[in-house]
Amino acid sequence: MDLGLKDRVYVVTGASRGLGRASATALAADGARLVLCSRDEAALAALAEELGGSDRAMALPGDLSQDDTANRLVAAGVGRWGRIDGALVSSGGPRPGPSSAIDDATWRSAFESVFLGATRVARAVVGAASPEGASIVFVLSSSVKQPVDGLATSNGIRPGLAMLAKTMADELGPQNIRVNGLLPGRLDTDRVRELDQALGKGSRAGFEARIPLRRYGTPEEFGRVAAFLLSPASSYVTGAMVPVDGGMIRGV
């Protein structure tokens, strides 16, 4: 299936590893051009080269908690390729822990990077989008639907960002700008392995027993769904929160 991504330009944040990297790889495989961002400069540069070099991808290290990062990313894409067609907004997960152990500084830091950082990227894309429109996808979490044990900060922030995405979909639909969210469950990333290790021996087996497909997903499986939602092939999908979780979320 041709997703219609050839030579379209997307910002991908959190691109140096995990779900952001997998999404960037899937987009590039279908012909998209990419503005890649993360805080890991070396890994980002290596990925840009792997995805086709300067004609297909550019690496711009940055931190979404900084006010100017979003505008800089979008301006770079427009400057090199003359257009911006959307963004995959992925950020590092907030520090794990119960609500009783999360201090104000941690809440502020998580809000700046996860919520405000994503909002800034979306706002910058909207400001530069062509009359054809754009597609914005927020990488959220299954915590939008149900709390995740030991991740109080994510449980507190990501549902709010999901509702903002739904609101933006309402507001921006007349401009043909689509806004959706992805809800990853237990995917086999470095982040999830670290969380499993913190929970102790047997935690992965316990999660797998609760997943109808009886396994963790791969980043590549997530990346393919992200590429579809960003592409013209999903042109009538907006305001949706799409689980990529093997059926783990129990609600509808």
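Visitor: Which residues of α8 are buried?

Guide: Welcome! Buried means under 20% relative accessible area, with exposed over 50% and partly exposed in between (1.4 Å probe, protein chains only). Helices here are DSSP runs of H or I with at least four residues, and strands are runs of E with at least two, numbered from the N terminus. In α8 the buried ones are Pro219, Phe222, Gly223, Ala226, Ala227, Leu229 and Leu230.

Visitor: How should I read the numbers in this model?

Guide: This is a predicted model, where local features need pLDDT of at least 70 and side-chain atom pairs count only at pLDDT 80 or more, while totals for chains, interfaces and linings use all residues. Residues are numbered from 1 along each chain as its sequence is written, and side-chain values use heavy atoms, leaving out hydrogens and water.

Visitor: Is serine 135 buried or exposed?

Guide: Serine 135 sits in strand β5. Its relative accessibility is 2%, so serine 135 counts as buried.

Visitor: Which backbone oxygen does the side chain of serine 135 reach?

Guide: Contact means heavy atoms within 4.5 Å. Leaving aside neighbours within four places in sequence, serine 135 is in contact with residues including Arg178, Leu229 and Leu230. At 2.9 Å, its side chain reaches the backbone oxygen of leucine 229.

Notes
Polar contact = N/O pair within 3.5 Å; in protein donor to acceptor, adjacent residues only side chain to side chain.
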